[in-house]
Amino acid sequence: MSTPASSRVATSPGSAGAGLLRVLPWLLLGLLLLVPATLSPFYVTLLNYIGLYAMVALGLVLLTGVGGLTSFGQGAFVGLGAYTTAVLSTSETLPGWMAWAGGSPWLALVIGLVLTAVIAVVLGSLTLKLSGHYLPLGTIAWGISLYFLFGTMEVLGGHTGLTGIPPISLFGWELNEGGEIFYLIWAFLLVAILTTSNLLDSREGRAIRALKGGRVMAESMGVDTSRSRMIIFVIAALHAAASGWLYAHMQRFVNPTPFGLHIGIEFLFMAVVGGAGHVWGAVIGAAVITILKQWLQDLLPALFGASGNFEVIVFGVMMVIILQRAPNGLWPILTHWWPDANAKRKVDAGAAPLPRREMPKAGEVLLSAIDVTRKFGGLVANNKMNLSVAAGEILALIGPNGAGKSTMFNQVSGVDTPTSGEVLFRGQDVAGKTSREVARMGMSRTFQHVRLLADMSVLENVAIGTHMRGSKSVLPAAWRLDRAEEARLLAEAARQIERVGLAEHMFDAAGSLALGQQRILEIARALCSDPCLLLLDEPAAGLRYREKQILGDLLKKLRGEGMAILLVEHDMDFVMGLVDRVVVMEFGEKIAEGLPEEVQKNPAVLEAYLGGVA
Ligand code: ADP
Ligand code: MG
């Protein structure tokens with residue numbers, strides 16, 4: 001019998017470390033409360049800056065470290081938050097229609113965040129489509145533009161800036177001193193860290209974590225990855241704007257200098273140094289860079305006997321060394337002895353099962369390709385191909401290399417559109433549908449080259465497959481209002497993991513599994529989307545004999561449960577004795593179709609397979 005998921009929790013190793021991990025935030029909180037009373041104003045100010053920078057870096061952890069999108073332009077969003085509140089809280093001469101917005105820093109915060117979100121959505125829809133180096137270049141462009149806007153607009157005070165910004169009041173308590181606004185800054189930061197790590201540990205969070213290196217896979221599991229990119233872009237901008245708001249009320253004046261491109265680069269540097277994939281890395285990075293900068297600014301000019309921004313050079317050298325020696329930043333180095341967070345995850349086996357789609361009756365034809373032709377220029381990769389798959393049946397599409405199998409697979413899975421002919425799935429046309437829509441229709445696939453997120457656990461990887469069956473998004477996830485749904489999604493993932501026989505690896509990193517197990521993981525992930533047709537592209541490629549047997553047994557079991565399976569396979573031996581029917585392709589055409597044993601004796605098939613070898 002397989003191990004029930006929940007019983008693994010208590011026995012996980014390193015529970016002393018886990019205990020420390022639990023009390024650490026409280027310890028930290030206690031120390032923070034004591035700071036203003038015990039440290040000198042110099043250190044309080046330093047910690048204020050660290051808190052403000054860490055908030056921006058936290059946004060970059062999400063955007064760059066987790067999501068893989070590089071932005072040099074966060075300084076501009078900080079400026080946006082700072083200038084919004086500076087203008088609204090200082091100007092007694094707001095035009096009549098805006099008078100309602102003046103005077104209150106808190107109202108200015110709300111307005112600043114809304115404004116930032118709107119601008120981020122506009123900038124995001126312009127720049128997020130850019131690929132490769134164009135995205136960072138795009139962020140540099142708007143970083144510079146907003147910076148110059150701050151410096152040239154007269155209502156923003158030009159290069160001299162705006163003064164006389166009032167302190168923030170909190171229930172009548174005016175936060176005048178550094179030691180007072182300290183509490184607000186760190187409260188903001190801790191809430192931001194808490195909500196961000198909550199978000200990452202959720203349905204939406206898994207979609208976000210799949211962005212770096214798993215977009216195609218995530219789309220085929222029903223994730224709208226463009227939306228996920230926009231979400232993290234806006235969240236990162238909001239963190240920056242909130243930091244700017246706090247900054248403006250701490251300094252009590254603003255000018256454009258601290259919102260330029262150079263600071264945008266420094267924010268990115270903080271995120272990278274701290275550990276771009278970890279929320280606490282933002283704090284470590286902000287602390288290390290801020291303290292180091294302070295120290296170098298004193299030390300280096302004395303050392304060189306001349307004044308100048310020598311620290312910039314040292315930072316550059318440091319960046320190169322860190323990227324080479326510790327590409328994941330300092331946080332993983334500090335915490336490598338802590339237990340993996342996955343080990344303490346609970347799966348509530350009793351969570352209510354998710355609703356399922358109505359399954360077709362055995363024998364009902366689900367997929368039919370009719371005269372499908374696909375040309376690439378002059379090359380006819382598929383020529384008038386016909387095939388159909390019924391519920392409770394395994395159909396194999398086989399043929400020598402280059403026969404056109406993968407092309408056909410792409411036509412039926414909606415990845416590509418036939419030049420002519422049509423593909424129907426349960427009566428609906430597949431052509432022109434996105435991977436997401438196809439997944440919704442009940443077709444789910446695995447990949448010829450496994451696509452999984454190596455650092456994430458088997459459970460989390462498989463849970464990505466449940467994405468379409470949940471609906472809780474950013475806000476519920478950030479505030480932990482998604483837990484009931486999340487429990488159901490994880491329970492479903494655990495159920496599918498047990499169904500395919502990977503229960504003992506539930507909490508292992510997916511990358512640590514053998515190839516055969518990774519293939520099976522992909523099947524579990526596909527099953528999580530509640531499909532009635534599974535499409536498998538060369539599932540046996542690269543597997544050892546025993547692994548092939550295990551895979552074959554699993555596919556037979558799924559067929560027995562009424563699943564329709566179409567598999568593309570190069571390996572003739574794997575197919576024989578497993579599948580119900582075979583379609584053989586060569587040079588883009590169907591050369592034979594029938595029962596495995598018939599096809600095996602077919603002279604044309606023997607010629608195609610053996611002829612290629614001879
Ligand atoms: P198989 O999966 O059976 O090995 P493929 O479907 O990958 O075969 O390829 C069939 C033929 O179509 C090959 O000659 C291949 O070079 C060609 N082909 C596949 N995809 C493309 C493409 N996107 N552009 C041009 N030619 C392609
Ligand atoms: Mg192929």
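Let me start with contacts, meaning heavy atoms within 4.5 Å. Of the contacts in the chain with a separation of 6 or more, 75% are between residues 24 or more positions apart.

This is a predicted model: local features need pLDDT of at least 70, side-chain atom pairs count only at pLDDT 80 or more, and totals for chains, interfaces and linings use all residues. Residues are numbered from 1 along each chain as its sequence is written, chains are lettered from A and ligands numbered from 1 in the order in which they are written, and side-chain values use heavy atoms, with hydrogens and water left out.

Next, the overall dimensions. The C-alpha trace spans about 90 × 55 × 55 Å along its principal axes. There are 23 helices and 12 strands in the chain, taken as DSSP runs numbered from the N terminus: H or I of at least four residues for helices, E of at least two for strands.

How much of the chain is buried? Of its 614 residues, 53% are, where buried means under 20% relative accessible area, exposed over 50%, and partly exposed in between, with a 1.4 Å probe and protein chains only.

Last, the cysteines. A disulfide is counted when a pair of cysteine sulfur atoms lies within 2.5 Å, and the structure has zero of them.
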